[in-house]
Amino acid sequence: MRVAVTGATGTIGSAVVRALLDRGDGVVALTRDPDRAVQRLGSEVDARRWAEPKSEPPPADALAGCEGVINLLGEPIDQRWNEAAKREIRDSRVLGTRNLVEGLRSADPRPRVLVSQSASGWYGPRGDEPVDETETVAGGDFLAQVVVAWEREARRAEELGVRVATTRTGVVLAQGGGALARMLPPFRMGVGGPVAGGRQYVPWVHVDDVAGAMLFALDADGSSGPLNVAAPEPVTNRELSKALGRVLHRPAVMPVPGFALGLLYGEMATVVTEGVRMVPRRLQELGYAWKRPDLEDALTAASSRAS
């Protein structure tokens, strides 16, 4: 099929584009910088300019004739949150998705499915309580409310007859990006360890399964609504730290106090210090086959220095 991808040059976007191309699909990358997108993704990609996602729809002719759209727009969450950063985190997702749906409205023929990135942050901090897609009450913190508004904009495409799946992605393990980008340096120096006591749950997932789940959602007619994208077995931060130490053959016993993260990240630190035990019930029911369900295998692949 022919698939349009927003956010195609990011860590997840690059993996999604590779997976689409590997199976013979055509890819249209909607991007601010088409030349950079082609350099990063390859000449097989049809890169189309979408200059201002927050203020205008994408070109209708870039979407016309695509069978599906994968929406990965969003300012990185992993930064210190001040008011300007929070506004950009929200607007890049909410306004960008709103304008994408307006682009779908004008496309002829119109894509039949929208897979729109979401986040485990929808649930807010939940402690040890396992949560799946049957949960109807979102968290009340900043990130949860951003995700609620983000998903609401994506679901507006249902009014156009488009099937919509919102992929609530957990903590992504990826080579050269994702959560490991900040974890690896201290662990490689032998000074890594659990964060804020390490008892909080981490709904981890390897980037291969993020891409795999998104393509699965693109193809499977039964995949609509929220889909938790995480490995079948979430682990605590302490367990994740120990596994990474084993993979790197380094000690993982240097605890990182929560207040230190608070000094570094401010309000954003709660994303790390207060976890969520998110489980992928819908993907399991629909028959998705995980590519990297084993934590140490996923960490080995994501922490390899090989390209």
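Predicted model: local features only at pLDDT ≥ 70, side-chain atom pairs only at ≥ 80, totals over all residues.
Residues are numbered from 1 along each chain as its sequence is written, and side-chain values use heavy atoms, with hydrogens and water left out.

Me: In what order do the seven strands of the open sheet stand?
Reply: Strands here are DSSP runs of E with at least two residues, helices are runs of H or I with at least four, and both are numbered from the N terminus. Two strands pair if DSSP finds at least two bridges between them. The pairing in this open sheet is parallel, and the order is S3-S2-S1-S4-S5-S7-S12.

Me: Why is one side of S3 and of S12 left without a neighbour in the sheet?
Reply: Strand S3 covers 46-49 and strand S12 covers 225-229. One side of each lacks a neighbour in the sheet because both strands stand at the edges, each with a single partner strand.

Me: Is strand S1 largely enclosed or left open by the rest of the structure?
Reply: Buried means under 20% relative accessible area, exposed over 50%, and partly exposed in between, with a 1.4 Å probe and protein chains only. Four of the five residues of S1 (residues 2-6) are buried, so this strand is largely enclosed.

Me: Which residue of S4 is the bridge partner of Val-3?
Reply: S1 is joined by five bridges to S2 (residues 26-31), with the two running parallel, and by four bridges to S4 (residues 68-71), also parallel. On the S2 side, Val-3 has Val-27 as its bridge partner. In S4, the bridge partner of Val-3 is Gly-68.

Me: Which residue of S2 is the bridge partner of Val-5?
Reply: S1 and S2 run parallel and are joined by five bridges. Within S2, the bridge partner of Val-5 is Ala-29.

Me: Is Ser-118 buried or exposed?
Reply: Ser-118 lies in strand S5. With contact meaning heavy atoms within 4.5 Å, and leaving aside neighbours within four places in sequence, Ser-118 touches residues including Val-147, Trp-150, Glu-151 and Thr-167. Because its relative accessibility is 2%, Ser-118 counts as buried.
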